[in-house]
Amino acid sequence: MDYFRAVYLADERSPRALKLTTEAIHLNAGNYTVWQFRRLILETLHVDLHDELDFVGELARDNTKNYQIWHHRRWVAEKLGTNATSKELEFTQEIFSEDAKNYHAWSHRQWVLQTLGGWEDELEYCDKLLRDDIFNNSAWNQRYFVVTRSPVLGGLEAMRDSEVAYAIKAILAKPENESPWRYLRGLYKDDMQSLVKDPRVASVCLDVLMNKRDCVHALNMVLDLLCHGYEPSKTLENAIDALCLDSGVSDSGLTERVCSVLQVVDRMRTNYWKWRKSVVPV
Amino acid sequence: MLKREMERQQMANQRMVELAMLESRVMNNGDLTITQVNDSIERGGRMGELKTEKHVKYILSVEKRKDDYVSVVMEHLRLNGAYWGLTTLDILGKLDAVDEDEVVSWVMQCQHESGGFGGNTGHDPHVLYTLSAIQVLALFDKIEVLDIEKVSNYIAGLQNEDGSFSGDMWGEIDTRFSYIAICSLALLHRLDKINVERAVKYILSCQNLDGGFGCTPGAESHAGQIFCCVGALAITGSLHHVDKDLLGWWLCERQVKSGGLNGRPEKLPDVCYSWWVLSSLIMIDRVNWIDKEKLVKFILDCQDKENGGISDRPDDAVDVFHTFFGVAGLSHLEYPGLKAIDPAYALPVDIGQHTTPNPSWHHFGSAGLWPTQFCLGRPSETCSIFPAHIQRYRAALARKTKNMVAGGLTAFVFGLYFYTMRSVGGTNELQTGQHTTPNPSWHHFGSAGLWPTQICLGRPSETCSVFPAHIQIRTVPNQGCRASIPEILNPGVDIVQFSITQTEIFNYK
């Protein structure tokens, strides 16, 4: 490190200085000052940055959560421009094969798409990731990202119907999965009336509750629907009432009963459900 | 790590044996008194206690280490480490264990000619370390050693056209840096150097459909990023843009079965989220939506009770980062004996002056610091600087600095009286002290006089930002000073020592 300090203070931008930064980085990949000096050298020496991509890639595989490495990669990719697009998409895919939720990699991938392009297969890729792990919240987030920002798709309005179907399918597969429920709500953001009117939403709640009576996410969705004027079917009311019997709940209104049940089945968040009850519209 | 595992197992086994013996005695002889059984249970419960002395020792040892592997690898962010370690010491009341002059002098050596600070001497400047430098100096009340113009110019120079902030000259953009810039400049009283409106606009562009925030527009909501965005919005008086109910729900869903908090759906819990999530919840006044007791237990389970320090989850290796966030989290959870910490600035609340240019926020009087006047905020938007239990703590501090007439109930009553009197500038009329809300189901201060006529009771499910549940006293309205105080409330004891939970003693009607 003393050698590094010497060339750094002398601002020597030579091949041997570059080598020194390589050594220093291998010693401590988090040392951001070394990375910054390396960039200065690379610029001065006009090094072929494709090699640099390989170098960073190797490091990143061992240090997938290192901010400096990802930032350096982005700097290199930006310099290479659209020549780097497919390589960057491939690289992030490689990282995801080990850790499909790596926040840095997702940030990088989103940057690549928006700066360099490559949207064509992105929705398909999200689907693949979700088939691998339907609980992957990052993939659900990316799906929304693609649906709303991709220049090759029709935008949220055009895609809403099919996306609702997609979310519902995921919910039925694993009702305890937080993400698709949130995704569903997100698709109807600022338009709760449409959520209430979409018969598939109430229907999936009922389907889930028939199989798992105390599914918190389903009960929460039912609560949201009721609070926005949904008229419950007799079947749904009966399902709730059966649950009430089990939980010893006896409030007068159906909506209040759902809140009380939630207080029991999701005890950790009992104060939240208590608050929901207090704001039930009259 | 294996050794800890074995020790834990041993203790657990011992416990099992004890309990089994107790059980058999009760079953066979019935000769145990309730006290003996309770004592045993309590002993087990006491296994979950904060090992303050050990943690202090651990931090001081890390501070001294400069040559071992961990220190070398962390060398470039030593200034962050200093902030984590020193703030923890301060929360534990042990900041005097370090040499203040030595620390301050070393911090200043980390400053670059640009005005920014590097992570250690000889490192390039970056906002990450600049904030830590300012925070460390604030701990020692030494901000004045800075050339404030220089530092604030460095930070302000990193704002981009769209309102975002770069971390340094290399241009990485992240909402973390928005928070850092805003927090730093607020501590330096130089928020006017940036375009606050655009900064807020950029942060809001990172708001997602789940109510949370990511590092850049469209990025996944993440508790760490949420803390940064909510903190920045709080400091700039822009919390009204946040959908607090939606975000509060997302945040309280971070609590998993073990009682710990994760940072995103379907991820493992980690002690550091005790800070990111908890602070965010406090700033949006929804902290009662999590199960606090279970979280306390989780954090305490993450301690290395032998060697000190706290780890990300039980039985992992400890580090200063998680030690800080664990202790800070416990402070938020009102664990006894800890200094209160500000959820937005991440510094103990008795640090210097808190001012903000935003007129809709109450602010410190220009003449002096606490306890001259303090911010009450608007009840529907909890003042991010002084949420409920912090205000209690400050009230206790205020009482200490005044010579109170001794005597149980009187002292408490007077304390509260002076607290409220001071907050309204000593008049009988409620002005800035008045806690009103458009929501009629909230009780509010009577306009005729102060305590003891009537005080705000609020609704127990939404902690009144001024008088939270456990210091609220039922009065008989309009009948003067008649208060019924439950036995458990010991008048004359510092309010900060109370740890009554939300399970209420009173019935609110």
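Here are some friendly notes on this predicted model, point by point.

1. **Ground rules.** Residues are numbered from 1 along each chain as its sequence is written, while chains are lettered from A and ligands numbered from 1 in the order in which they are written. Since you are looking at a predicted model, local features need pLDDT of at least 70, side-chain atom pairs count only at pLDDT 80 or more, and totals for chains, interfaces and linings use all residues; side-chain values use heavy atoms, with hydrogens and water left out.

2. **Chain B as a whole.** Chain B has 17 helices and six strands. Both are DSSP runs, numbered from the N terminus: helices are H or I with at least four residues, and strands are E with at least two. Chain B has 509 residues, and 57% of them count as buried. Buried means under 20% relative accessible area, exposed means over 50%, and partly exposed lies in between, using a 1.4 Å probe and protein chains only. Take the contacts in chain B between residues at least 6 apart in sequence: 63% of these join residues at least 24 apart. A contact here means heavy atoms within 4.5 Å.

3. **Two helices side by side in chain B.** Have a look at H5(B), residues 78–91, and H7(B), residues 127–139: they pack at an angle of about 30°, with their axes 8 Å apart. That makes H5(B) roughly parallel to H7(B). Axes are lines fitted to C-alpha atoms, for helices over the stretch in contact, and angles run from 0 to 180 degrees between N-to-C directions. Angles under 35 degrees count as roughly parallel, over 145 as roughly antiparallel, 65 to 115 as roughly perpendicular and the rest as oblique. The crossing of H5(B) and H7(B) is left-handed; a crossing gets that name if the near helix is turned anticlockwise from the far one by less than a right angle, and is right-handed if clockwise.

4. **Who meets whom there.** On the H5(B) side, the residues in contact include Leu79(B), Tyr83(B), Leu86(B) and Asp90(B), and on the H7(B) side they include Leu128(B), Tyr129(B), Val136(B) and Leu139(B). By class, this contact of H5(B) with H7(B) has nine nonpolar, four polar and one charged residues. Ala, Val, Leu, Ile, Met, Phe, Trp, Tyr, Cys and Pro count as nonpolar, Asp, Glu, Lys and Arg as charged, and the others, Gly among them, as polar.

5. **Asp90(B): buried or exposed?** Asp90(B), which sits in helix H5 of chain B, counts as buried because its relative accessibility is 5%. Not counting residues up to four places away in sequence, Asp90(B) touches Leu95(B), Leu139(B), Lys339(B) and Pro348(B).

6. **Its partner Leu139(B).** Leu139(B) is found in helix H7 of chain B and is buried, with a relative accessible area of 8%. Leaving aside neighbours within four places in sequence, its contacts include Leu86(B), Asp90(B), Leu347(B) and Ile351(B). Leu139(B) and Asp350(B) are 211 residues apart in sequence, yet 9.1 Å apart in space, C-alpha to C-alpha.

7. **Helix H8 of chain B.** In H8(B), residues 148–156, the buried residues include Val151(B), Tyr154(B) and Ile155(B). The buried residues of H8(B) pack against H7 and helix H9 (175–187) of chain B.

8. **Cysteines.** How many disulfides does the structure hold over all chains? It holds zero, where a disulfide is a pair of cysteine sulfur atoms within 2.5 Å. The sulfur of Cys110(B) is 18 Å from the closest cysteine sulfur, in Cys183(B), which is too far for a bond. Cys110(B) also counts as buried, at 2% relative accessibility.

9. **Helix pairs in chain A.** H5(A), residues 67–80, and H6(A), residues 85–98, pack at an angle of about 160°, with their axes 11 Å apart, and are therefore roughly antiparallel to each other. H5(A) passes H6(A) in a right-handed crossing. H3(A), residues 32–45, packs with H5(A) at about 15°, with their axes 10 Å apart, so these two are roughly parallel to each other. The crossing of H3(A) and H5(A) is right-handed.
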